[in-house]
Amino acid sequence: MAVDETTRGVLSAGSTAEGAAALRAAGASEPDRRVRNPDHLAARFVSWSPSLAVLVKVPGLRRLVPRVLERILPGAYCFEIARTRHLDDAVRAEVDAGIEQLVLLGAGYDSRPYRMADELRGVRVFEVDHPAMSAIKRRKVRAVVGEPPANVHYVEVDFTRDDLGERLAAHGHDRDAPTLYVWSGVAPYLPEESVRQVLRFVAGHGSSRTSIAFDYLFREVLEGETATYGAPQLLARVEGMGEPLRSGIPRGHTAAYLSECGLRLESDLGPDDAIRRHLIRSDGSVLGRPYGFGGLAHARVDGGQPR
């Protein structure tokens, strides 16, 4: 049976969401709180299926997952810990600064609206995803936490046909209110122009307190540089799964790239920074190495016009 591009995209997004949730679930069992993945709900979002991911649902087997993963995808486990902790920190900082809205772009199995429900009580939360993926997420949310919090809104968007701003507005999103966008595990899989369109959309917001936190790939990896930790294995795996990596930012040029889209870079966490900030155990030892070919950026509306 032929599979159209939209369906293929949903299937890819589902497998990517499942894999990321499995990584978070494994990391949530780290004994040391300083390097533990805070997503204690992740294992409950992982499906019972014949795959490596299902091991994270069995407490006695969960501890085996990091070792197996490090052989298959070196750096993935520690990168997911660093990414989750870093984006959680960004959410908390922006909530403390007074944001009124949190938008999860390509929400997948992001559990922040539920495990951080008390912290987000006064914030309107929008989970944005493809209609089919959104339906799967809502079923899983009901199974995991029951009725979702009243401040959570599910926004179904087909990015090939729908206008993101219009779909958000239809669910009560205010483009002039201070907002944090979280864009986790999505940008590297999109074409370059699609990434820039999203960044320009954020830059067009009315509040200078609006910002976006996201992960990105070094463009050099897409251009053939595969010496960085974990790059050859990840490239081979995503190609084999039909989920090729498509876009990136030149190493060391994040500020300039974002400026072209009307955003001002606030922080840019590279692989070594991620180790220092998120992967040092209480005894001073390093948990492990994250992917060596990307970063975690946080950028704010600049006030100028995107170019």
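Predicted model: local features only at pLDDT ≥ 70, side-chain atom pairs only at ≥ 80, totals over all residues.
Residues are numbered from 1 along each chain as its sequence is written. Local features need pLDDT of at least 70 and side-chain atom pairs count only at pLDDT 80 or more, while totals for chains, interfaces and linings use all residues; side-chain values use heavy atoms, with hydrogens and water left out.

**Exercise 1. Work out how much of the protein is buried, and what its helix and strand counts are.**

Start with the elements: there are 13 helices and seven strands. These are DSSP runs numbered from the N terminus, with helices being H or I of at least four residues and strands E of at least two. Of the 307 residues, 52% are buried.

**Exercise 2. Find the residues that touch the most other members of the largest nonpolar core, then trace the contacts of Ile-212.**

The largest one has 53 residues, and Leu-168, Trp-183, Leu-199, Ile-212 and Phe-214 touch the most other members. Helix H9 (residues 192-203) is the top contributor, giving six residues. A second, separate core holds 28 residues, including Leu-41, Val-91, Tyr-154 and Ala-213.

Now for Ile-212. Contact means heavy atoms within 4.5 Å. Skipping neighbours within four places in sequence, Ile-212 has among its contacts Leu-180, Trp-183, Leu-199, Val-202 and His-298.

**Exercise 3. Decide whether Arg-83 is buried or exposed, and list what it touches.**

Locate it first: Arg-83 sits in helix H5 (residues 76-96). Its relative accessibility is 8%, so Arg-83 counts as buried. Leaving out residues up to four places away in sequence, Arg-83 touches Ala-20, Arg-112, Ser-184, Gly-185, Asp-215 and Leu-296.

**Exercise 4. Sort the residues of helix H11 (residues 231-240) by which side they face.**

Begin with the buried ones: Ala-231, Leu-234, Leu-235 and Val-238. Turn to the face pointing away from the buried side, and you'll find the exposed residues Ala-236 and Gly-240. Finally, look just after H11: Gly-242 has a positive phi of about 75°.

Methods
Core = buried A, V, L, I, M, F, W, Y, C linked by side-chain atoms within 4.5 Å. Buried < 20%, exposed > 50% of the residue type's maximum accessible area, 1.4 Å probe, protein only.
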